[in-house]
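Subject: Structure handover

Hi,

Here is the structure I promised to pass on. Please load it before reading my notes below.

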Amino acid sequence: MGIYINRGNLEFAENIASDYVDKTGLISVINKRLFKQGRYSCVTRFRRSGKSMAAKMLYAYYDKSCDSRELFKDLKIAQDASFEKHLNKYNVLFLDVTSFTSQPKFHGRIVKSIQDAMMEELKAVFPQVTYKEDDDLMGCLQSIYRQTGERFFFIIDEWDAICREFPTRQKSKGSSLETYCPEMDEYIMFLRRLFKTDDSDLVFAGAYITGILPIVKYQTESALNNFWEYSMVDPGSLAPYFGFTKDEVHDLCNRNGMDFEEIQKWYDGYKIGDVPCIFNPSSVMKAIIRKRYNSYWAATGAYDKVASYINLNYEGLKDDVVKMLADVKCSVDPTGFANDMSSVNCKDDVFTVLIHLGYLAYDSDEGKCYIPNKEVAGELVNAVKSNNWKEIVNIIQSSEQLLDATLSGDTEKVASIIDTAHHENTSILSYNDENSLSCILSIAYIYAKNDYIIHRELATGKGFADLVFIPRKHLDSPAMIVELKYDKDADTAISQIHRKDYKGKVLEYSDNLLLVGINYDKDSKKHSCVIEKYTKN
């Protein structure tokens with residue numbers, strides 16, 4: 001078993017020995033591309049989403065140095081027509097780029113170190129082949145293919161580590177400065193040499209590279225334009241393999257005695273292509289193993305960068321972050337991003353980076369991004385706090401008091417806390433209609449997300465209730481309907497709840513309701529509140 005060639009199937013065997021979620025359907029998709037246009041795949045998604053596990057699965061399946069039939073016989077791929085055709089048929093090259101970027105001794109010569117290490121192992125595996133003295137890695141592979149007919153499948157894990165981890169530099173370009181990364185430029189040339197030379201399609205049956213960022217763009221074109229790319233923005237047919245699906249998580253919860261609703265609250269929320277519910281795999285498994293619902297997102301290691309990105313002074317950036325904390329989707333155009341974390345030049349670039357990092361989800365049908373779940377929302381709140389956005393931090397800190405005041409019917413305290421939230425926030429978010437009032441209220445009630453599922457503009461009765469709070473399972477608290485008015489009065493809000501029968505649908509969830517009317521008077525710049533208890537007869 002090698003380090004870079006034919007690593008065997010031991011690591012995959014260890015993975016499936018535990019509570020394995022069968023993602024072997026990915027193999028059938030890759031098999032369809034072998035020896036054809038599209039044989040080179042770049043599949044990128046956020047940290048801890050199963051990228052490395054997928055790589056281990058693929059080299060266990062393709063690696064000709066081992067027999068993996070027993071490992072796969074009860075998994076989905078075994079039912080696919082291509083299963084026997086490609087099982088253990090190829091020499092598999094494997095490269096984890098972080099094994100080089102993480103070692104300072106390789107810095108400044110990473111590409112050469114990669115080639116030297118891989119060539120040394122290749123020559124040991126194929127000692128009968130005559131190599132040219134000045135061969136690089138592709139030259140060695142060409143010699144092996146021409147003299148033995150052996151073909152390869154190449155897997156690169158963390159392909160973009162150099163782009164993410166190495167600092168950029170500047171050089172003069174006419175009268176301006178151009179940002180570049182010499183290590184990345186050299187690395188891209190190395191990949192182009194492997195996958196875009198005349199013999200590439202003869203040497204490689206296929207390739208699978210994975211990381212966080214899609215392939216870097218030069219000008220507007222991918223540097224490796226013969227790769228088929230699947231990303232958080234455009235996952236194509238691989239969308240179900242970007243995380244755990246709803247059915248898979250249901251099954252895990254049933255097998256392990258976990259509350260699906262809690263798992264969903266914490267770790268669901270990603271709309272990947274046409275798949276509406278994709279869960280964070282790592283966090284789901286940690287919650288199941290530890291029997292504790294919590295945020296495991298801090299382990300992704302991108303927190304500092306996220307905090308710095310959302311603090312950039314691009315027009316509308318803070319407003320949109322605030323809106324997303326209030327569960328509003330915001331428009332984003334990801335097409336201009338160069339797939340380079342050092343080339344972030346506008347609000348759209350910031351949001352696109354956060355989508356690739358998993359801190360935002362992307363709805364391609366609407367062209368909008370949003371915060372996917374409680375786990376990620378908590379980390380973004382921490383990022384806001386670290387940036388000292390006092391306007392938002394003060395609102396969040398008083399959120400528990402607001403919920404308590406609402407549940408206890410203390411209308412004066414509710415109005416006072418919302419007054420403070422409004423005045424704290426006027427420097428960030430305009431405040432001139434019921435929609436902006438709804439944003440402020442959604443942030444002000446952020447603590448309530450622990451105990452309630454909060455709906456904005458919920459269709460119920462004869463219209464849409466502004467905010468509806470549905471208590472989570474096992475919570476002995478009333479549901480709440482909050483209706484907002486701008487420059488009218490709170491009694492009018494309560495009357496609308498009754499007139500349009502907003503109560504009807506909410507009573508399906510709870511017999512006990514609080515009807516909350518809130519009005520903002522633009523002249524006095526004060527809020528008023530009316531709270532009415534309602535019990536189903």
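The notes below run from the whole chain down to single elements.

First, the ground rules. This is a predicted model, where local features need pLDDT of at least 70 and side-chain atom pairs count only at pLDDT 80 or more, while totals for chains, interfaces and linings use all residues. Residues are numbered from 1 along each chain as its sequence is written, and side-chain values use heavy atoms, with hydrogens and water left out.

Overall picture

The protein has 24 helices and 20 strands. Both are DSSP runs numbered from the N terminus: helices are H or I with at least four residues, strands are E with at least two. Its C-alpha atoms fill a box of roughly 90 × 65 × 35 Å along the principal axes. Of the 537 residues, 56% are buried (under 20% relative accessible area with a 1.4 Å probe, protein chains only; exposed is over 50%, partly exposed in between). Take the contacts (heavy atoms within 4.5 Å) with a separation of 6 or more: residues 24 or more positions apart account for 69% of them.

The open sheet

Five strands form an open sheet in the order β2-β3-β6-β1-β9, with parallel pairing. Strands pair if DSSP finds at least two bridges between them. β2 (91-96) and β9 (228-230) are the edges; each has a single partner strand, so one side of each lacks a neighbour in the sheet. On average, neighbouring strands are turned by 15 degrees against each other, direction ignored. Angles come from lines fitted to C-alpha atoms, for helices over the stretch in contact, and run from 0 to 180 degrees between N-to-C directions.

β2 pairs with β3 (residues 152-157) over 6 bridges, in the parallel sense. There, asparagine 91 stands opposite phenylalanine 152. Helix α8 (residues 137-148) packs on this sheet and touches β2, β3 and β6 (204-211). The direction of α8 makes about 155 degrees with that of β3.

Two helices

α10 lies across β1 (40-44), β3 and β6, at about 160 degrees to β3. Helix α10 (residues 182-195) has 14 residues and reaches 20 Å between its end C-alpha atoms, close to the 20 Å expected. The expected span is 1.5 Å times one less than the number of residues. Which residues of α10 are buried? They are Glu183, Met184, Tyr187, Ile188, Phe190, Leu191, Leu194 and Phe195. They sit on the same side of α10, because their arc around the axis is only 155 degrees. That arc is taken over the directions from the helix axis to the C-beta atoms.

Helix α7 (residues 110-125) has 16 residues, which should span 22 Å; the end C-alpha atoms are 23 Å apart, which agrees. Its buried residues include Ile110, Val111, Gln115, Met118 and Leu122. Among the elements covering the buried residues of α7 are β2, α8, β3 and α10.

Aromatics

The whole structure holds 26 aromatic pairs. Rings of Phe, Tyr and Trp (its six-membered ring) pair if their centres lie within 6.5 Å; planes under 30 degrees apart are stacked, over 60 edge-to-face, the rest tilted. Phenylalanine 100 and phenylalanine 106 have ring centres 5.0 Å apart and planes at 45 degrees, so this pair is tilted. Both residues are buried. One aromatic cluster includes Phe12, Tyr20, Phe35 and Phe153.

A hairpin

β16 (residues 452-460) and β17 (residues 463-471) pair in the antiparallel sense over 8 bridges. Arginine 456 stands opposite leucine 467. The hairpin has 2 residues between its strands, and glycine 461 in the turn has a positive phi of about 60 degrees.

Best regards
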